[in-house]
Structures are given as C-alpha cells and as structure tokens.
Amino acid sequence: MQTTPREMFQRIQQRLLSQSTALTGDDLADDVIVETPFAAPGRPTRFEGKRQFLEFANPGRAAFPVRFDGCRAIAIHDTKDPDTIIVEYELTGTSTETNRQSAAAFIVVLTVRDGKVVLWREYQNTLAIMQALA
C-alpha cells in the first residue's frame, strides 16, 4: 500500500515531536530535493539528495536549542498532482536555554512517491524563528 502525502506529513509530525536529534532519512528518497527559499541569510536554500541534506541538517539539529512541543496542521491543501499536498502548519517549542515558549508558522509543499519524500519545499517564518532563539 502506498504512503499518501497526508500520511507522510503525519509521520513527519510524529518524528518532529519524538525529541530525537538525529534525522535518519528513512522517509527521504535518495534523490530528494529539499528547498527553503526564505532561509535565513547565509544558509543554503537547496539540497539535492538525501546525503547532502542529512550532512547539513544533523549537526545543526543536534545543536538546536529548542525542544519541539507541538506541530499543528492548520490546513492541508490537495493539488492536481495526487502525490503533492501543501500544508500550512505551526511548530511550537521551548528554548532549552531560556525555557521560553515560542511558535513559528510554516508552509510546505510535500511530494511523495513510492513511499518516500521526493520534494520538501518549506517556506519558514525566519523572523519568528530568530526571535525565538534570541
């Protein structure tokens, strides 16, 4: 049975909240494209392939001083492509340094084929993220 994009997003939500620092890439296709067009200045905006993404993401994730407390899907929009959805979601977290809680909004275009993520294009509220880390 195929994994739908909605099921994949639910799986990703669960993993975000599991408090595991390392990403395994189990849900990523080897040739996944990960894009963050509005990434903070000086940060890459595109990764081609699972290996390139994990080599960048895991060290930063291990050092990220936030514990994710919630991941709420605000809206999920279907597209003409049944393998692709657009998700508006909000992450809430607590700073492990200040114990302050914050939230940030995201929009992701998620494409899944053969049970793996082949595209994750995420539009982040970088200002909210920077304020939460301040």
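Contact here means heavy atoms within 4.5 Å. The model is predicted, so local features need pLDDT of at least 70 and side-chain atom pairs count only at pLDDT 80 or more, while totals for chains, interfaces and linings use all residues. Residues are numbered from 1 along each chain as its sequence is written, and side-chain values use heavy atoms, with hydrogens and water left out. Helices (H or I, at least four residues) and strands (E, at least two) are DSSP runs, numbered from the N terminus.

Six strands make up an open, mixed sheet, in the order 2-1-6-5-4-3; two strands are taken to pair if DSSP finds at least two bridges between them. Strand 2 (46-48) and strand 3 (66-78) sit at the edges, each pairing on one side only. On average, neighbouring strands of the sheet are turned by 25° against each other, direction ignored. That angle is taken between axes, which are lines fitted to C-alpha atoms (for helices over the stretch in contact), and angles run from 0 to 180 degrees between N-to-C directions. Strands 3 and 4 (residues 84-95) run antiparallel and are joined by eleven bridges, with V66 standing opposite S95 in strand 4. As a general point, strands of a sheet pair through backbone hydrogen bonds, either parallel or antiparallel.

Next come the helices that lie across these strands. Helix 2 (residues 50-63) lies across strand 1 (28-35), strand 2 and strand 3, at about 65° to strand 1. Helix 2 has 14 residues and spans 20 Å from its first C-alpha to its last, close to the 20 Å expected at 1.5 Å a residue (the expected span being 1.5 Å times one less than the number of residues). There is a kink of about 25° at A57 in helix 2, shortly before the proline P59; the bend at a residue is the angle between axes fitted to the seven residues ending there and the seven starting there. A57 is also one of the buried residues of helix 2, along with F53, L54 and N58, where buried means under 20% relative accessible area, exposed over 50%, and partly exposed in between (1.4 Å probe, protein chains only). Strand 1 and strand 2 are among the elements that cover these buried residues.

A few single residues deserve a look. T94, in strand 4, counts as buried because its relative accessibility is 2%. Its side chain makes a polar contact with the side chain of D69 at 2.5 Å. Such a contact is a pair of N or O atoms within 3.5 Å; within protein, one must be able to donate a hydrogen and the other to accept it, and residues adjacent in sequence count only if both atoms are side-chain atoms. Residues up to four places away in sequence aside, T94 touches P65, V66, R67, D69, N99, R100 and Q101.

N99 itself lies in the loop between strand 4 and strand 5 and has a positive phi of about 65° although it is not a glycine. N99 counts as exposed because its relative accessibility is 59%. D114, in the loop between strand 5 and strand 6, likewise has a positive phi, of about 55°, without being a glycine, and D114 is exposed at 66% relative accessible area. For background, most residues other than glycine have a negative phi.
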